[in-house]
Amino acid sequence: MKFVTYKYKGAEHAGVLTADESAVIPAAELGLKAESMLELIDKLGGKLPAVSDNTKAIALADVKIEAPIPEPRQDVICLGLNYRDHVEEATRADAVFDVQRGDAVYFSKRLQRAVAPGDKIDGHFDICDSLDYEVELGVIIGRDAKNVKAADAGKYIFGYTIINDVSARNLQTRHKQWYFGKSLDDFTPMGPCILSADTVGAMPELNIRCYVNGEKRQDSNTRMMIFDIPYIIEELSAGMTLKAGTVIATGTPSGVALGMDPSVQKYLVSGDVVRCEIDEIGVLENTIA
Ligand code: MG
C-alpha cells in the first residue's frame, strides 16, 4: 500500500493510492479523520486501513503530490557512512571522515518543509560552492518506539520513502559537525509516497539509484547497508523514544560528487535535474533552481 500527501483544490490532504496508482483515495473515504500524514499515522497506530473496490478516488492528474510528510514534527535522524563503498569514497575525499570508527554515525537534519517531487531545490550558491546529492531510503516510524529489540523492529516501521540528503560539502566539513551543511532550506526532497512496510519487511532489499541529467551516478541495493534498520531502531530506541512519524534517512551508497577525483568532481549547478529512484517506492526528481 502506498500513502501520499497531496494538494487538491488548494488544500493539503493525506490518502492512499489505488492499486493501479492512477488515483488517490482520501483518508476520509477510508473512515479516517486525518488531514495530514502525521495524523493518519497516529490514527492507524501501526495498522493498515481497509480499502474496498468502490471507494471514491480522485484522479492523480487532478492533484499535486507533495512530500509524504511535508513538515515532520522533529528533525530527520540521519545515518552517515552507512554503505561500505560510500565510506571508502568519503575517506578518500576527506580525512575528516574516519572509516575506522566501527559504530553507526548518527546526525540530524533540520527541515522547514520537505521539497515535493518535481519542485525546485534552492542551491544556496551564495554560501555553497559544492552542492551534492545523496539518494537514501527513508524509514517512517509508525508508533512510539522505546526499548525495541531488533527482532521486533518491523512492528514499529510504518513504511519507506525516498530522501535526497542534499548536502553543502563546504559547510558540512568546515563546521566539523555536519548539521548546518545538511540543513539548509530545501535540502530534504522526499517522496513520492510512503510504501507500507508490510510490502517489503524490516530489511528491504531494494535497488537504489541516482541520476544527474540522465547520467547514472549512484547504483546499489539497500541490503548493502552496514547497519540495517532493525539494528538502528534497537540502538536508538534504547536511549531515545522514536515517536510515531519520526523520519530516519539510512545513508547513501557511493557515487556522490564528493567521492569523485577532485579534478572531475561534478557538483550540482543551477538547472541540473536530480532523479532518485528506489524500486517499489518510485521516483523523486527535482531540478536545482
Ligand atoms: Mg546522507
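How many of the residues of strand E6 (residues 76-80) are buried? In this predicted model, 5 of its 5 residues are buried, and the strand is mostly covered. Buried means under 20% relative accessible area, exposed over 50%, and partly exposed in between, with a 1.4 Å probe and protein chains only. Strands (E, at least two residues) and helices (H or I, at least four) are DSSP runs numbered from the N terminus.

Residues are numbered from 1 along each chain as its sequence is written. The model is predicted, with local features requiring pLDDT of at least 70, side-chain atom pairs pLDDT 80 or more, and totals for chains, interfaces and linings using all residues, while side-chain values use heavy atoms, with hydrogens and water left out.

Two strands pair if DSSP finds at least two bridges between them. E6 runs antiparallel to strand E7 (residues 105-109), to which 5 bridges join it; here leucine 79 stands opposite tyrosine 106.

**Aromatic contacts**

The whole structure holds 3 aromatic pairs, defined by ring centres within 6.5 Å (Phe, Tyr and the six-membered ring of Trp), with planes under 30 degrees apart counted as stacked, over 60 as edge-to-face and the rest as tilted. The table gives two of them.

| Pair | Centre to centre | Angle between planes | Class |
|---|---|---|---|
| Phenylalanine 107 and tryptophan 178 | 5.1 Å | 70° | edge-to-face |
| Phenylalanine 227 and tyrosine 231 | 5.0 Å | 35° | tilted |

Phenylalanine 107 lies in strand E7 and tryptophan 178 in the loop between helix H3 (169-174) and helix H4 (179-182), 71 residues apart. Both phenylalanine 107 and tryptophan 178 are buried. Phenylalanine 227 has 13% relative accessibility and therefore counts as buried, whereas tyrosine 231, at 32%, counts as partly exposed.

**The magnesium site**

Glu134 (OE), Glu136 (OE) and Asp165 (OD) coordinate the magnesium ion at 1.9 to 2.1 Å. Donors are N, O and S atoms within 2.8 Å of the metal (3.2 Å for Na, K and Ca); water is not among the atoms, so sites may look incomplete. The donor residues follow the spacing E-x1-E-x28-D. Glutamate 136 belongs to strand E10 (residues 135-141) and aspartate 165 to the loop between strand E11 (157-164) and strand E12 (167-168), 29 residues apart. Glutamate 136 counts as buried because its relative accessibility is 0%; aspartate 165 counts as buried at 1%.
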